Amino acid sequence: METTKQVEVVGRIRSDLEGLMGSRMRLKANMGRSKILEREGVLEQTHPSLFVLKIDEKRGRTARVSYSYVDILTGTVELTHPETGEGLFPWLN
């Protein structure tokens, strides 16, 4: 029963992100061993089990990073609005 609810939540996260395609957002990712990555970028693609962000790097370079929707569900990845700092998934808390 619990698995069904998690699948529904992951589906909602995915559909919310599909609606934000091309939007700027701030990424905060827990990389383990007390290493936290904080960057800003644009949502570039969504796939059935993951999404891709085009991240701004130093000196005008860009990088692409991908995370699963489950990373958002578990809190490993947080996505917020770049100007306001508000979470993109307030219903998740």
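Where is the place of Ser-34?

1. Ser-34 sits in the loop between β1 and β2, and Arg-33 has its place in that loop as well. Before going further, note that this is a predicted model, in which local features need pLDDT of at least 70 and side-chain atom pairs count only at pLDDT 80 or more, while totals for chains, interfaces and linings use all residues. Residues are numbered from 1 along each chain as its sequence is written, and side-chain values use heavy atoms, with hydrogens and water left out. Helices (H or I, at least four residues) and strands (E, at least two) are DSSP runs, numbered from the N terminus.

2. Both loop residues deserve a look at the backbone. Phi of Arg-33 is near 50°, which is positive in a residue other than glycine. Ser-34 likewise has a positive phi near 50° and is not a glycine. Arg-33 counts as exposed because its relative accessibility is 86%, and Ser-34 is exposed with a relative accessible area of 77%. The scale is as follows: buried means under 20% relative accessible area, exposed over 50%, and partly exposed in between (1.4 Å probe, protein chains only).

3. The sheet is open and has five strands in the order β4-β3-β2-β1-β5, with antiparallel pairing. Its edge strands, β4 and β5, each pair on one side only. On average, neighbouring strands are turned by 40° against each other, direction ignored; the axes behind this angle are lines fitted to C-alpha atoms, for helices over the stretch in contact, and angles run from 0 to 180 degrees between N-to-C directions. Two strands pair if DSSP finds at least two bridges between them. Strands of a sheet pair through backbone hydrogen bonds, either parallel or antiparallel.

4. The individual pairings can be checked by bridge. Seven bridges hold the antiparallel pair β1 and β2, and Asn-30 has Ile-36 of β2 as its bridge partner. β2 and β3 pair in the antiparallel sense over five bridges, with three residues between them in a hairpin; here Gln-45 has Val-52 of β3 as its bridge partner. β3 and β4 (residues 62-68) run antiparallel and are joined by seven bridges, one partner of Phe-51 being Tyr-67 in β4. The β3 and β4 hairpin has five residues between the strands, and Arg-59 in it takes a positive phi near 60°.

5. What is the size of the largest nonpolar core, in residues? It has 19 residues, and those with the most contacts inside it are Leu-17, Leu-27, Phe-51, Leu-53, Ile-72, Val-77 and Leu-79. A nonpolar core is a set of buried Ala, Val, Leu, Ile, Met, Phe, Trp, Tyr and Cys residues joined through side-chain atoms within 4.5 Å. The elements giving two or more residues to this core are α1 (2-19), β1 (24-30), β2 (36-46), β3 (50-56), α2 (69-74) and β5 (77-80). The largest share, four residues, comes from α1.

6. Phe-51 shows how these parts meet. Not counting residues up to four places away in sequence, Phe-51 touches residues including Leu-17, Leu-43, Thr-46, Val-65, Ile-72, Val-77 and Leu-79, where contact means heavy atoms within 4.5 Å. Thr-46, found in strand β2, is buried with a relative accessible area of 17%. Neighbours within four places aside, Thr-46 is in contact with Leu-17, Glu-18, Met-21, Phe-51 and Tyr-69.

7. Gln-6 lies in helix α1 and counts as partly exposed because its relative accessibility is 39%. Gln-6 and Leu-73 are 67 residues apart in sequence and 8.4 Å apart in space, C-alpha to C-alpha.

8. Thr-80, in strand β5, counts as buried because its relative accessibility is 15%. Neighbours within four places in sequence aside, Thr-80 is in contact with Met-25, Arg-26, Gly-85, Glu-86, Gly-87 and Leu-88.

9. About 200 Å³ of space lies in the largest pocket. A pocket, on a 1 Å grid over the protein atoms alone, is an open set of points where a 1.4 Å probe fits, with protein on both sides within 12 Å along at least five of seven lines; lining residues have an atom within 4 Å of a point. The volume is the space filled by probe spheres set on the points, which are joined across faces, edges and corners.
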